[in-house]
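The sequence and the structure are shown first, and the description follows.

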2 protein chains.
Amino acid sequence: MTFRAPVRDLAFALSAVGHDALLARAYPELDADTVAAVLEAAGAFTTEVLAPLNRRGDIEGATYANGRVTAAPGFADAYRAFVAGGWNSLSADPEHGGQGLSKAMELAVFEMVHASNMAFGLCPMLTQAAIEALTLHGSERQKRLVLPKLVTGEWTGTMNLTEPQAGSDLAALTTRAEPDGNGGYRLTGQKIFITWGDHDAADNICHLVLARTPDAPPGVKGVSLFLTTRRLVEDDGSLGAPNDLRPGSIEHKLGIHASPTCVMLFEGAKAELVGELGQGLPHMFVMMNAARLQVGVQGVAIAERAFQQALAFSQERRQGKAVWSADYPAAIYDHPDVRRTLMLMKAKIEAARGICLTTGVLTDIARLADSEEERAAARARQELLTPIAKSWSTDVGVEVASLGVQVHGGMGFIEETGAAQHYRDARIAPIYEGTNGIQAMDLVGRKLRMADGAVMRELCAEMLLTAEGLTESAELAAVGRALAAGVAALERATGWLLANGGAPSLAAATPYLTLAGDVIGGWMLGRQAMAAAGSDDPWLKSKGALARLYASQVLSLAPGRADGVCQGPDDLEATPAHALAG
Amino acid sequence: MTFRAPVRDLAFALSAVGHDALLARAYPELDADTVAAVLEAAGAFTTEVLAPLNRRGDIEGATYANGRVTAAPGFADAYRAFVAGGWNSLSADPEHGGQGLSKAMELAVFEMVHASNMAFGLCPMLTQAAIEALTLHGSERQKRLVLPKLVTGEWTGTMNLTEPQAGSDLAALTTRAEPDGNGGYRLTGQKIFITWGDHDAADNICHLVLARTPDAPPGVKGVSLFLTTRRLVEDDGSLGAPNDLRPGSIEHKLGIHASPTCVMLFEGAKAELVGELGQGLPHMFVMMNAARLQVGVQGVAIAERAFQQALAFSQERRQGKAVWSADYPAAIYDHPDVRRTLMLMKAKIEAARGICLTTGVLTDIARLADSEEERAAARARQELLTPIAKSWSTDVGVEVASLGVQVHGGMGFIEETGAAQHYRDARIAPIYEGTNGIQAMDLVGRKLRMADGAVMRELCAEMLLTAEGLTESAELAAVGRALAAGVAALERATGWLLANGGAPSLAAATPYLTLAGDVIGGWMLGRQAMAAAGSDDPWLKSKGALARLYASQVLSLAPGRADGVCQGPDDLEATPAHALAG
C-alpha cells in the first residue's frame, strides 16, 4: 500500500513533451534543477502526508450531521498543511499570490496529489477551477477579496452546475437568481453532485453557481454565473454572517468516500454576478476545461497508484515455476502473462501521462507565446486534445485499476488489500466533468471541425514525422511502422467524420476518440523511446520495450478501430429500445 | 433495479447453438415446449424470489459471529425454496434423484439465477461441482449417503483448494490427511477463499478438500481429494456429531457480499478419501471444469443484469435534444452514443452467452453421443472452449458492468442506484476458479496443442463455412467478411503459437484468448443473425444489427490482435521489475 512518488517518470515525461523548451523561453528563472526540486518536494509531501490518509478516508469517509459536513479523519489537518506548503498556488499569477509556475508542472504535481489520495485532490482541483473563473471574469471586488484567499487555499471553491433534471444538459437548469435591488442577487434552488460542497477544512467555501435571472431567455442563453460564499465576505475582507445556503445531504458512493458529494440547498443565498449576464455557460467552460484536463490527470494518477501496488505485489507474491526464474516458488513477476500485464499497464499510463502533459504545455504556450499566431495554434491544439486527455486517460484509469485487481488474484478482491479501492475510485473519472460520451461528442462535433479539420490534420502530419524518425532506428522501426499505420487509420477516420456530420459522427464519436487516444498515446511513447534510446540504464531501456509492446498490442488495433468509426449509424437508428429488451 | 428474466433470449440462444438437435437425439421426452416451460418457471422463481434479495444481500451481507456464519437476510429461506422447487438437481442423474435435463439447459437456468442474485447462485454452483466429483469418483457409501442430499440441495457442497501460500500453484498446499487406522482420515490445516464454506441455510455442508497424506510424494502427485462434512454422517444417513472443522472468519470483499468467503480451519476433522490416493488434482479438475463454465455463465449473467438496468435507465432518463427523437428532453436512448453503447453491451452478452451454451451442449454430446468418436470430438472441443468461455465471458462481465455504470452518468456512481453493485460483483469472476491468466495458459499450453492443433483448426474451418454462408446474404455480407478475416487472423495466431511454445506462447496467452473469444463470439452472433434473418419482428431484426455492430467494432480488431499475439517475448524477458519502478 506504500505510495512511491513517480518523480523521475514525471520529470522525464515533462521533458519529452517540450517542457524544457517552454521553460527556456517563458520561465527564464526556472531550470531543470528547480523543476526537479519542486517535484521532489511534492513527492515528499504527497507520500508522507496524503498517502497515509487514503485508506482510512475510504473506510470512514466524510460525514454529514446536523446540516454540516465533516471531512474524513485527518483530512482537514492535511489540507491545512497543503495550504501552508504553498501547494495550492503553483500556477496562479504572482499578482494574486500565486507562484507563477507552468500549468504543465502544476499538472505533474497534481498527478502525485491524486495518486496519493484522489478524494483529497478533488478539493484543491475544484478551487483551481474557481481561481480560473475569477481570474478571467471576476469583478474588481471578487479579485481583491476572494481570489487571493482561493489562491492560497485558505478558502476553497466549488462548481455548482448539476440539478436533478439537468446533468449533461445544462440548458434545463432552474436555480433562480433574483436581483436584490442593491446590485446583488439572491439564489434559490437545489444543486446535486457538488464535490466538497461543504466541509470543515477551510474558513470559507466559495460556490460558483449557474442560475437563471427572472427575465432571462430560456435555454443556455439565460444562464448566468454567480459567486456565493458559505460565510458572507465583508468589504474589509473579513468573514461575516453565515449565508442562506447549506448542504442537504451527502451521497453514498462507489468510491472517493473522503470526497463529500453534496446536495446543496440555496435558500435565498446572497450572491454576486460573475462576468456578464447570460454568459454563464461560456464562463463556466473556462473552469470546465481546466477541470477536464485535471480529471484526465486523475485517470493517470489512479492508474499509476494501481500499477505501483500491483508491481510490488508481483515481486512479493511467489507462486509456481516460472520460465524467467530459477526460484521455486517464483515471484509472479517472472510469469510472462503477469509481466505482460504490468508492462501494458505501465505503457498505457505513460501514453496517457504524455497526452495530459502535452495538453498542459499547450495551455502554457497558448498563454505565453510571443506571437498571436503561435498562441492561437497552441490553443487550438489544446482544445482538440482536452476531450481526448479527459476521456482516454480516465478510460485507462479504469482499465489499469481493473488489471491491478487482477494481478493480485484472490487478494485483489479483498478490501484490505487496497487494490479494490483504486478500482472503485477510478470509476468516477469517466463520468464527472462531462461524461466521456459528452467529451467524444465535443471532439467530433466541435473540436475536430475547427478550421475544417486542419488542427487534427496538422497533428497527424507531425506524428507522421515522428513515425519516420522512429523507422530509421533499428530498435524502434516496428514502433515507427505501427505509428505510421495508426496515423493513416486516424486520417481515414477523420476524413470520414468530416464528410459525415450529424448522426453518423455522433454514433462514431466514442470509437473515434478511442482511436485518436490510442494513436496519440503511441506517439507519446515513441517520443519517449527516442529520447531514451542508446542508454544502458534499465529504466531508460524499458522505454523502448514499452513503446514496442504498445505498438504491437494497441497501435495494431488502429485500422480495425477506423473501420468501426466508418460503419455508419443506420443499424443504430433502426433499433428501438424494445427490440433489445426481448 | 427490476430484473427481467431473459427467457426469450435464452431459448433462442439455445436453439442457435444446436440444443434442439441435441434434445431430438438424446432427450426424446423433452421438446421445445418443455424447455420453454422450464425456462419460464425458472424466470419466475429468480425474478420473484432471488432478485428482490440482491440489494439487501449486498448491503447487509453474510455475517460471522461465535464461530458460525449466518447467511444474509432472507437467503436461507430463499435457498430452501430453491431446493423445494427442484432447481438444484436439473441435470443430475435421475438415479441419484436428479431431473436428467441437459447441461446446456441447466446453464441457461443458472444464468438467470446468477443474474438475479450472483452471491446466491454461488451456493448451488459449488454444490453442483461437488455432485460432479462424487458422481464420478465417490465411493459406494458416498454415493448412497451424501450424493442424494447434494442432488436435492438439502446439503450444500464446497471446494477447498486454496491455502495462503498455494493459490494458482496447488502443488504447494500443505493441509494434512492422517489415516485414522479405520480406513478414514483426519484433516488438519487451513484453507482460504472457501465460498459458502459455512452458513445456516442447509442441514449439512460437504467439503471436498485437497490434502496430503503423510507418505505422499512432494508436488501435485502427493495431493489427494477428501470429503469431510460439517456434521458427521451416520451409516443410516442421519446427522451425527459436529466435526472438528469450523470457519475462522469471513472476508470483507469488494462485491458478492452475501456469499460468505470463509477461512476454513480443519482441526483433526474426520474425512473420507474420494477416488484414488494421489489423484486429487485430476479428480478436482472434474469439479473445476464444470465450475469454470459456470463462472463464464456468471460473466454473462452479471452483464445481462447490468445491461437491463442501463437499458431501462436510458429510456427513463431524459436529457437534451437527440437526433433520433422529436422530444425535448429526449430519452437518452435516442442519443447515438448511448444507443451504440447499449447495443455493443447486448452484442457482447449474446456472443458470450453463445460461447457458454455451446460449451454446455458439447458437454452433453460428450456424454450422450452414440459413437465414441463423436463423444471424443465433442469432449475435445468442450475442453478447448472451456477456458475461453470462462475468461472471455467474465471479461465481458466486467466490461459491460462498467459500461452500465457509465450509461447512468453520475447516478451510476451512487450506490443506491444499483449499477455499482454489478460493477463490484462482476470483478470476482475473472479471478476465481483459476484466474483468466491461468485459463489463457491452459488454452495455449494444453488445449491448443491437443491433436497438434487440429481441434482449433477444425473449429476455424467450421467458422469459415458460416462466414461463407453469411457472405451470400446481402444483409449479412459485412458480417461474413469480417468473420472470415477474423478467422484468418485466428489461424495465423494459432500457427504462430503452435510453432512457438514455451515463453513465446505464455507471453501471448491472454492476447490469444481475447482474439479467440472475439472471433468465436462473432461466429455466435453470425449464426443468430442467420437464424433470425428475414423476420419483421423487431427483436429478431435486431440480431442482424447486433452482428453487424459487433463485426465493425470487435471483429475488425482481429488482425491487429493477431499481430499482438505474434510479437514474441524478448522485450518482456529483458525488462526486470526495477526497470519499471523508476
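## Contacts between the chains

In this predicted model, a salt bridge joins the side chains of D571(A) and R548(B), with 2.6 Å from N to O. The count of salt bridges between chain B and chain A is 2. The size of an interface is often given as the accessible area lost when the parts come together. The table gives the values for this pair of chains.

| Property of the pair chain B and chain A | Value |
|---|---|
| Area buried between them | about 7800 Å² |
| Part of that area on carbon and sulfur atoms | 62% |
| Residues of chain B in contact with chain A | 90 residues |
| Residues of chain A in contact with chain B | 90 residues |

Of the area that chain B buries against chain A, 11% comes from F413(B), Y423(B) and L580(B), more than from any other three residues.

## The nonpolar core

The largest nonpolar core contains 372 residues. Y512(A), I520(A), Y512(B) and I520(B) have the most contacts inside this core. Leaving aside residues up to four places away in sequence, I520(B) touches I355(B), L385(B), I388(B), L459(B) and M463(B).

## A buried strand and an annotated domain

Strand β3 of chain A, residues 155-160, is largely enclosed by the rest of the structure, because 6 of its 6 residues are buried. W155(A), G157(A) and M159(A) lie on one side of β3(A), and T156(A), T158(A) and N160(A) on the other. β3(A) pairs in the parallel sense with strand β6 of chain A, residues 204-212, over 6 bridges. In that pairing, M159(A) has L208(A) of β6(A) as its bridge partner.

For residues 278-443 of chain A, an unreviewed UniProt entry lists "domain: Acyl-CoA dehydrogenase/oxidase C-terminal". Over these residues the chain is 73% helix and 0% strand, with the end C-alpha atoms 25 Å apart.

Conventions
Residues are numbered from 1 along each chain as its sequence is written. Chains are lettered from A and ligands numbered from 1 in the order in which they are written. This is a predicted model: local features need pLDDT of at least 70, side-chain atom pairs count only at pLDDT 80 or more; totals for chains, interfaces and linings use all residues. Side-chain values use heavy atoms; hydrogens and water are left out. UniProt positions are given in the numbering used here, feature names are shortened, and annotations may be inferred rather than shown by experiment. Helices (H or I, at least four residues) and strands (E, at least two) are DSSP runs, numbered from the N terminus. Buried means under 20% relative accessible area, exposed over 50%, partly exposed in between (1.4 Å probe, protein chains only). Two strands pair if DSSP finds at least two bridges between them. A nonpolar core is a set of buried Ala, Val, Leu, Ile, Met, Phe, Trp, Tyr and Cys residues joined through side-chain atoms within 4.5 Å. Contact means heavy atoms within 4.5 Å. Buried area is the accessible area (1.4 Å probe) that two parts lose on being put together, summed over both. A salt bridge is a side-chain nitrogen of Lys or Arg within 4 Å of a carboxyl oxygen of Asp or Glu.
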